[in-house]
Amino acid sequence: MATANTVSSDQATATAVRADLLVFIAPMPPEQLESILGHLATEFHGEELVVATANDPTGTAHPEIRVLPVQATNAVWPIAAVDFVNAVHAAKENEAKAVLLLGPGADSLSPAALRGLVKSVVEAKSDLAVPHYSLPVNAGLVNSAIIFPLTRALFASRVRYPLSIDMALSLRMAERLGSTAQKFVNQNQPDAIVWPVSEAMVAGLSIDEVDVGTRELPQPAEPNINAILSLVTGSLFADIEAKAAFWQRPRRLLPEHRSFSAMPGVDGAVDIAPMVEAFRLAFTNLQEIWGLVLAPNSLLGLKRLSVVDPATFRMPETLWARVVFDFLVAYRLRTINRGHLMGALIPLYLAWVAGHLNVVGSGTDAEVHVEAVAAAFESEKQYIVSRWRWPDRFNS
Amino acid sequence: MERLMGMMLQTVQNYNPPPPITNDSIPLWTHISDALRQSVYRVLSLFIAVLPGILAVFVALTLFTLIGMGLSLLLRRGLSFVKFDERLNRGNPEWSPSSSPTMLIARGAFWGCVLLGLVIGVSAFDASYSTGTPLPISLLPYLTKMVGALLVMIAGTVIARFLARSVLIGAVNAQLQYARFLSLGVKWLVLVLTAAMVLDHLEVGGKIVELAFGILFGGIVLTLALAVGLGSRDLVSRSLEGRAEPRPERVPPPPEVVTPKPVEPIRHETIRHF
């Protein structure tokens, strides 16, 4: 069985001090670490601060910051379960009141953004503070298409980036996440993805979203969309399945009172023809597999979509919501092999991306479209609840 | 049943095989009658010899099925009583199979008993046949081999379907136009291999099966190689060119109409999914 505590116990004991804030920094190049340490030194000057990282801190220009070494992990993106375990352990060792986790590329976050995340937990007493990034319209598309709408519809959370790689945690939230992450580590899945927003919602802990502006998001080590979509969506589906008892109860989404930075636009037209072509090819060849997963109405909708001209191509929001819900049910029922299931979702996702880029290209604000998609997921929640409970009722 | 078997045994014991035919004056119908009697004698002997074995199969199967049902019911109630599912889910929230752990254990116990009954029955039949029968016939030894062949066939079909789907989805996502053809090719390759294995296991066909399998398998592979090779000719030549010399950048076609600010299209690769 894998051990959870990868912090060197000797070093931890020797350096354990009382700190108000523990900052866990994921493995990253030395220049990025140096930049983050500079931000921390500027913004948190004079405060009790401990940094836990697997990076080598020797030669840093900020020796006043205490650095705890933790064992390096293979995970590059996103923050892995074992990182949560390490961070929580270090926080407990140093009696920290709050934990700030920073993923790779966090040097692109401003010092004010780091302060905002910590302030939300320490002063506003939130349990989980997640950043609201301002990404270009052609970035973070899996989040806009699947992760955000599903999380919002099922867990009634407005958090725009549920899989954020930076976050601030209260101690009780950190303990909760550490406990969840520990289970993954015990199952020999140290690189598993942990979903903080759904954990917080299930535990009834408060969540705050902090506007952090633009950020350079690290890309997965494996750039193949097939692999990463399977990894992330599969993990999300598994999390949803494990929390079915929670989300099946009706929940009211709290109204949003704040506004966030506008998304930066992209100059130039978008070539969506390859994605539409990929969808059409899949429609011709994957009928047999989609027929096992999708309800007849969804298949009919896809048939209509397959003959739409690329210039006016757009996947209806309700159809997309039902497709994702159908795949979620098939994941639960193991209708087909889960690897095959995720593979069969890719052309449909590309069709959604093509439609989204078309909509954005026509002048509609990207956030307005994503909001419409999320609203469609919410309005179709009854569909997923019914299918979850009585899967065979929709097969005719 | 005992009475029936007793009567059969009495018939066989009372039966005296006819003496060998030495006289040419005996009419033809006597020869036919003798041949028929000998045949009936052989079949009845064989039937009596294997009957206990056949009965043993049914008795063992029925008995163990009943035991399995009882055990399954007992396990379901017992595990539900101790709230086994809740306890297990507390330690492992990522339980993903569609059935609950209790149901899986109960079903496992039931089918384990059925399988045990089948194994005991077949081995009893095998033992009674090999020791009891005075006459060999060619069909009965296949019974045990057929079980193995059936398992090979089921496994082959499942593997063929799995591989066909894997190839189909992978090829579609790689945007290969001949995805379905490739998938069908892989499926038939595995099915032909399975059929050859099944026939070989049953010792049917001998050399003919080996030869036919070799021809079919080679034919399918050659067809696939030709189809994929010809279909991907451009892809391969581009790949070879790319290795020989640096791949040229995509050159946009010369603009027919000069626009004040040309719009640079965002290629598919510039989309960031995360």
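1. The sheet of chain A. In this predicted model, seven strands of chain A form an open sheet of mixed pairing, in the order β3-β2-β1-β4-β6-β5-β7. Strands here are DSSP runs of E with at least two residues, helices are runs of H or I with at least four residues, and both are numbered from the N terminus. Two strands count as paired if DSSP finds at least two bridges between them. The edges of the sheet are β3 (66-69) and β7 (207-213) of chain A, each of which pairs on one side only. From one strand to the next, the twist averages 25 degrees.

2. The β5/β7 pair. Strand β5 (residues 128-133) of chain A runs parallel to β7(A), and 6 bridges join the two. Within β7(A), Asp211(A) stands opposite His132(A).

3. A helix on the sheet. Helix α7 (residues 196-203) of chain A packs on the sheet and touches β5, β6 (167-170) and β7 of chain A. The direction of α7 makes about 140 degrees with that of β5(A). Axes are lines fitted to C-alpha atoms, for helices over the stretch in contact, and angles run from 0 to 180 degrees between N-to-C directions.

4. Domains of chain A. The assignment gives domain 1 (19-227) and domain 2 (273-394); such bounds come from an automatic or database domain assignment. Taken over C-alpha atoms, the centres of domain 1 and domain 2 of chain A are separated by 31 Å.

5. The contact between the domains. In chain A, 12 residues of domain 1 are in contact with 14 residues of domain 2, a contact being two residues whose C-beta atoms, placed from the backbone, lie within 7 Å. On the domain 1 side, α5 (141-155) and α8 (225-242) of chain A each supply at least two residues. The most comes from α5(A), with 9 residues. By class, that side has 9 nonpolar, 2 polar and 1 charged residues. Ala, Val, Leu, Ile, Met, Phe, Trp, Tyr, Cys and Pro count as nonpolar, Asp, Glu, Lys and Arg as charged, and the others, Gly among them, as polar.

6. Chain B. This chain has 8 helices and 0 strands. Of the contacts in chain B with a separation of 6 or more, 73% are between residues 24 or more positions apart.

7. Conventions. Residues are numbered from 1 along each chain as its sequence is written, and chains are lettered from A in the order in which they are written. As this is a predicted model, local features need pLDDT of at least 70 and side-chain atom pairs count only at pLDDT 80 or more, while totals for chains, interfaces and linings use all residues.
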